[in-house]
There are 2 protein chains.
Amino acid sequence: MTEKLVMLGQKAQVAANRLALLKAADKNAALLQLAADLINHQDEIITANKKDLANATDMPAKFTDRLMVTPQRINDMAAGLRTIADLADPTAQIDKGWVTNDGLEILQRRVPLGVIGIIFEARPNVTVDAAGLTFKSGNAVILRGGKEALQTNIALATILRNSLKEQGLPADAIQLVTDTSHQSADEMMNLTDYIDVLIPRGGHNLIQRVVKNATVPVIETGAGNCHIYIDKDADLDMAAAITVNAKVQRPSVCNAAEKLLIHQDVAKKFLPVIAKKLIDHGVQLRGDERSCSLVPTIHPASDEDWDTEYNDLIMAVKIVDSLDSAIDHINKHSTHHSEAIITNDINRGRYFQQAINSACVYVNASTRFTDGGEFGFGAEIGISTQKLHARGPMGLQQLTTIKYEITGNGQVRH
Amino acid sequence: MTEKLVMLGQKAQVAANRLALLKAADKNAALLQLAADLINHQDEIITANKKDLANATDMPAKFTDRLMVTPQRINDMAAGLRTIADLADPTAQIDKGWVTNDGLEILQRRVPLGVIGIIFEARPNVTVDAAGLTFKSGNAVILRGGKEALQTNIALATILRNSLKEQGLPADAIQLVTDTSHQSADEMMNLTDYIDVLIPRGGHNLIQRVVKNATVPVIETGAGNCHIYIDKDADLDMAAAITVNAKVQRPSVCNAAEKLLIHQDVAKKFLPVIAKKLIDHGVQLRGDERSCSLVPTIHPASDEDWDTEYNDLIMAVKIVDSLDSAIDHINKHSTHHSEAIITNDINRGRYFQQAINSACVYVNASTRFTDGGEFGFGAEIGISTQKLHARGPMGLQQLTTIKYEITGNGQVRH
């Protein structure tokens with residue numbers, strides 16, 4: 001372990017101890033000031049971002065679009081911080097309390113996790129977003145962004161840290177790892193003495209690397225091979241509207257649908273209609289043998305397709321014999337993020353919700369609703385696809401843990 | 001990965017899918033039958049246990065005592081299963097529900113984790129205990145006990161599996177890894193496709209090995225370097241009673257106190273009294289310089305002592321200048337399990353509870369109460385010393401996760 005990262009960890013812990021004692025009102029005032037200071041210093045952010053963009057001239061347009069920071073995007077980041085200031089402070093909450101047979105009073109209090117590590121890729125807005133959410137929940141954060149956004153991230157972190165300092169708050173509540181080597185990432189994943197939880201945000205490869213290498217507890221996020229299943233009793237107009245929405249409204253995000261399963265009883269009627277609609281929206285369709293023979297514009301899918309998250313205008317289609325074979329297929333190939341059934345049969349809808357092993361299971365709605373904002377959490381730090389600690393959209397509450405405070409008057413155990 | 005462990009994992013998942021659909025009443029009836037069958041087959045258990053004991057003749061008495069199974073201990077195991085049958089089923093619970101702005105109905109339902117791996121050492125009662133708790137919460141379990149208890153564990157697992165089978169339930173809900181090599185443990189720690197969470201139960205070395213090597217999410221349990229701090233405003237009779245109880249009532253367990261910190265203002269009065277009491281109970285005392293000079297029967301402590309969990313009749317004593325230095329010492333050296341302050345000052349008590357970074361923080365009570373049974377959870381699978389997912393005593397609820405079931409009538413996202 002390099003000394004530098006250990007020092008970062010130690011400073012984060014000291015800051016976390018102070019943050020844990022801050023009142024909600026003080027944190028909210030600080031967040032509003034952070035938002036104001038981002039806008040006050042927007043020129044510095046844009047100047048730094050231009051350096052990153054100049055280094056990224058040979059990257060695809062999709063990539064540089066994510067990387068680019070504009071005055072509008074800085075306004076959005078600031079607005080995000082103000083939204084976080086408006087949310088309830090989860091650490092002001094006592095979940096429950098009870099008295100034991102021995103007369104001990106036990107309070108289950110909600111407290112910050114401590115130090116949160118975030119490893120992410122090219123989107124600089126994650127820096128501000130993650131800093132705001134961790135700060136509001138009383139946690140210190142160690143951020144490690146991708147090397148492509150390094151100058152922008154340094155500018156953002158510097159502004160946020162200076163703002164905290166000027167407010168008499170610990171600047172080390174927000175720290176950025178500026179060494180963007182693989183080695184620094186690996187070290188961060190093993191900083192068990194200082195980091196309480198690591199949340200990777202990015203593509204499949206990043207997340208798998210973190211899961212494989214980290215000894216710090218990890219929350220897996222964001223992989224979404226989401227399915228829409230059209231049941232034999234579906235309202236086919238609704239089925240078409242939901243499928244189109246889930247696939248094309250924003251194909252690059254994790255809650256977009258990647259697979260379409262259709263019950264054989266409605267395939268002949270539904271598939272030609274939905275295929276035309278999707279193709280008209282620029283979607284490339286890949287299908288199993290039965291789909292391809294029904295609609296010749298569908299390309300043959302490979303075995304790999306069923307496990308692939310495209311994040312693009314591509315969708316694979318499969319005709320299934322029954323509700324159970326749809327469920328089996330989904331439980332086998334899904335990343336356990338979000339799946340939907342379209343059906344008018346209440347029993348089949350409930351059975352699907354019960355049998356599917358994913359964080360969010362929909363009846364008659366688009367998978368695109370899996371989102372902290374849409375769920376009413378006010379914000380989100382990511383969407384957990386694991387079962388431990390957090391599952392589905394993670395808001396402020398998921399950045400906390402509990403502590404038992406037990407008060408007695410001399411009780412001993414017999 | 002060996003084929004054998006993958007097969008175990010696959011079978012566990014199939015069993016888990018069935019368990020998740022069982023009703024509480026059916027699980028409870030099954031648990032009562034498992035209890036009856038343990039007693040019906042007690043001779044087989046004791047015969048197998050004798051083989052393990054015969055192989056353990058050169059182990060210390062403490063070890064063979066843990067390993068030994070008697071008719072009384074089989075009765076206790078069966079009683080444990082009946083207690084679990086009486087507990088509420090957490091997976092019958094819907095935590096909450098709400099309607100979003102788009103008119104989606106969201107239910108947050110509690111569901112089993114899926115497949116739970118338990119790696120443990122010599123106590124065969126863990127086999128029955130863990131099988132009962134995981135079964136009741138709807139999870140399949142893969143158990144891997146120590147090689148010293150292998151014959152006993154095989155007998156226990158066989159009886160439980162046969163009992164499930166005779167009841168028409170999936171025997172693979174309870175599986176035992178009979179290959180007790182290090183390699184099989186390492187493989188189990190990386191069975192990410194099949195095991196949802198791994199809970200190691202045992203000593204420090206086992207737990208650290210699991211934390212370091214596992215890619216499966218882990219819940220760290222059981223390390224308890226617990227502190228009692230005697231504040232300057234303490235009731236010293238209460239302080240002595242609690243210290244003796246926390247140290248000597250059952251020194252081998254994780255919630256026993258290992259360290260005694262005393263405020264300097266009361267050290268001269270308190271330390272000679274408590275030292276005599278502890279030594280009379282057979283405790284060896286090790287102390288910092290000030291303690292040793294106050295009470296000559298105290299041996300000098302080494303730096304290592306402050307980080308050591310003795311699990312034995314040993315206690316290290318330190319005189320501190322202030323409440324804050326007690327807190328700093330504890331936060332630095334504790335395993336974050338359980339700590340207590342003895343004080344009559346309400347503000348100092350509350351400050352201690354707030355500033356100490358441990359799962360359970362006591363005012364005026366013995367650390368020995370950190371226990372699922374004492375907390376009123378009815379049973380426990382372990383005591384978590386990490387912050388993610390579960391913290392402190394883990395009951396049935398901590399063996400579950402959530403699932404969002406979302407129902408709409410055609411909603412799409414704009």
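## A polar contact at B:Asp89

The side chains of B:Asp89 and B:Lys27 are joined by a polar contact of 2.9 Å. A polar contact is a pair of N or O atoms within 3.5 Å; within protein, one must be able to donate a hydrogen and the other to accept it, and residues adjacent in sequence count only if both atoms are side-chain atoms. This is a predicted model: local features need pLDDT of at least 70, side-chain atom pairs count only at pLDDT 80 or more, and totals for chains, interfaces and linings use all residues. Side-chain values use heavy atoms, without hydrogens and water, residues are numbered from 1 along each chain as its sequence is written, and chains are lettered from A and ligands numbered from 1 in the order in which they are written.

B:Asp89 sits in the loop between helix 5 (71-86) and strand 1 (94-99) of chain B. Helices (H or I, at least four residues) and strands (E, at least two) are DSSP runs, numbered from the N terminus. B:Asp89 counts as buried because its relative accessibility is 9%. Buried means under 20% relative accessible area, exposed over 50%, and partly exposed in between (1.4 Å probe, protein chains only). Leaving aside neighbours within four places in sequence, B:Asp89 is in contact with B:Ala24, B:Lys27 and B:Lys136. Contact means heavy atoms within 4.5 Å.

## A buried threonine

B:Thr127 belongs to helix 6 (residues 125-136) of chain B. B:Thr127 has 0% relative accessibility, so it counts as buried. Apart from neighbours within four places in sequence, B:Thr127 touches B:Phe120, B:Leu143, B:Asn153 and B:Leu156.

## Where the chains meet

In chain B, 63 residues are in contact with 62 residues of chain A. About 5400 Å² is buried between the two chains, and carbon and sulfur atoms give 55% of this area. Buried area is the accessible area (1.4 Å probe) that two parts lose on being put together, summed over both. B:Leu388, B:Tyr404 and B:Arg413 supply 16% of the area that chain B buries against chain A, more than any other three residues.

Five salt bridges are counted between chain B and chain A. A salt bridge is a side-chain nitrogen of Lys or Arg within 4 Å of a carboxyl oxygen of Asp or Glu. One salt bridge joins the side chains of A:Asp196 and B:Lys387 (3.5 Å, N to O). Strand 16 of chain B gives the largest share of the side of chain B that touches chain A, with 11 residues.

## A sheet across both chains

An open sheet is formed by 10 strands, in the order 1(A)-2(A)-16(A)-13(B)-12(B)-7(B)-8(B)-11(B)-9(B)-10(B), with mixed pairing. Its edge strands are strand 1 (94-99) of chain A and strand 10 (299-300) of chain B, and each pairs on one side only. Two strands pair if DSSP finds at least two bridges between them.

Strand 16 (residues 400-411) of chain A pairs with strand 13 of chain B in the parallel sense over five bridges. There, A:Glu405 has B:Val361 as its bridge partner. Strand 13 (residues 360-365) of chain A likewise pairs with strand 16 of chain B, parallel and over five bridges. A:Cys360 stands opposite B:Tyr404.

## Two positive phi values

Most residues other than glycine have a negative phi. A:His336 is not a glycine, yet its phi is positive, about 65°. A:His336 lies in the loop between helix 13 (323-333) and strand 12 (338-342) of chain A.

B:Asn311 also has a positive phi, near 50°. B:Asn311 lies in the loop between strand 10 and strand 11 (314-320) of chain B. B:Asn311 counts as partly exposed because its relative accessible area is 25%.
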